[in-house]
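Me: Please take a close look at one part, the sheet and its surroundings. I would like one connected account with the cut-offs spelled out.

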Amino acid sequence: MAQPERPRRPQLIVTRRLPAQIEARMSELFDVELSENDLPLSARALAAAAARCDVLVPTITDHVDAAVIEAGKGRLKLIANFGNGVDHIDLKAARAAGIIVTNTPGVLTEDTADMTMALILSVPRRLAEGEKLVRSGNWTGWSPGSMLGHRIEGKQLGIIGMGRIGQAVAKRARAFDLSIAYHNRHRLPEVVEQELGARYEPDLDRLLTDSDIVSIHCPHTPETENLIDARRLSLLGQHVYLINTARGPIIDEEALIGRLERGEIAGAGLDVFAHEPAIDPRLLALDNVVLLPHMGSATFEGREASGERVILNIRQWADGHRPRDQVLEGWA
């Protein structure tokens, strides 16, 4: 069957402001409509955009649901997502409509792993609390019992999701003399486990029970929605720190807040939230939580690399090839 003709200069709509050099390169190669105000599009505006372009370039802030896909039927042929996660895109509806979806895997691995390691260090050592104390003007100087935290050396780090980012975190954690256990849908090859110094734990409940620090790195899918629910949170001991740089809805946030307020777990480091950008006020009031504005992948290098991958995927599609980063059935 002959492939449908693809425009050499497809019409792109980019929903958010991207690095200037990426926008300039897109404008050279394609007919581009760029974001003027860098604000998330409403559902109506997103649907209207999908209806008038060949390629939509959304981000995590754009909910490309079945209604948006339906509006794009006929003209929209490619959704070239700026970012790795695609839980904001209705993949089933896109497949049914014959619309290709691509993402940008791998380019943000090291940045996210760096931020995760920063949280693993900052929560037990109370770095955010210390910084606030200095800025408040109430610090009266060093004392033996002031701002005591916990060392991480010798503790067990339990990693949930051992893909690129999980493995990059394990490499960093090993340098801090953490023992590493992980839970994953599939066990890693033995040679990789040996390189990472990581032990496979097939039972997620056991991993939660045995770990001192738990870090989440699985994608957000229907199967991982509330994966760490109230029951599983109850398996964490009072000494445990929970780190999440993946997606907010993987954790039952209501149950997590309750356990933090009651001191039933030691603390948390959160870069993502269930209803972001809205943050539950109870989280803001807790001293044993480090809160970040979804900045795990926020580096100049990472954003530029993501943009380059978006451009590469669009060019490959426009040339009649399957894009390198096409999201296939069974993603995640």
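Reply: Over residues 17-327 the chain is 38% helix and 13% strand, with its end C-alpha atoms 23 Å apart. Helices (H or I, at least four residues) and strands (E, at least two) are DSSP runs, numbered from the N terminus. UniProt, in an unreviewed entry, gives residues 17-327 the feature "domain: D-isomer specific 2-hydroxyacid dehydrogenase catalytic"; its positions follow the numbering used here, feature names are shortened, and annotations may be inferred rather than shown by experiment.

This is a predicted model, in which local features need pLDDT of at least 70 and side-chain atom pairs count only at pLDDT 80 or more, while totals for chains, interfaces and linings use all residues. Residues are numbered from 1 along each chain as its sequence is written, and side-chain values use heavy atoms, leaving out hydrogens and water.

Now the sheet. Seven strands form an open sheet in the order β8-β7-β6-β9-β10-β11-β12, with parallel pairing; two strands pair if DSSP finds at least two bridges between them. At the edges are β8 (198-200) and β12 (289-291), each pairing on one side only. Neighbouring strands are turned by 20° against each other on average, direction ignored. Strand β11 (residues 267-270) pairs with β12 in the parallel sense over three bridges, and Gly 269 stands opposite Val 290 in β12.

Helix α7 (residues 164-175) packs on the sheet, touching β6 (156-160) and β7 (179-183), and its direction makes about 170° with that of β6. Contact means heavy atoms within 4.5 Å; axes are lines fitted to C-alpha atoms, for helices over the stretch in contact, and angles run from 0 to 180 degrees between N-to-C directions.

Strand β7 holds Tyr 182 and strand β8 holds Tyr 200, 18 residues apart. These two form a tilted aromatic pair, 5.2 Å centre to centre with 50° between the planes. Rings of Phe, Tyr and Trp (its six-membered ring) pair if their centres lie within 6.5 Å; planes under 30 degrees apart count as stacked, over 60 as edge-to-face and the rest as tilted. Tyr 182 is buried, with a relative accessible area of 0%; buried means under 20%, exposed over 50% and partly exposed in between (1.4 Å probe, protein chains only).

Helix α11 (residues 253-261) is largely enclosed by the rest of the structure, because seven of its nine residues are buried. Among them are Leu 256, Ile 257 and Leu 260. The cover over the buried residues of α11 includes β10 (241-244), β11 and β12, as well as α10 (230-233) and α12 (281-284).
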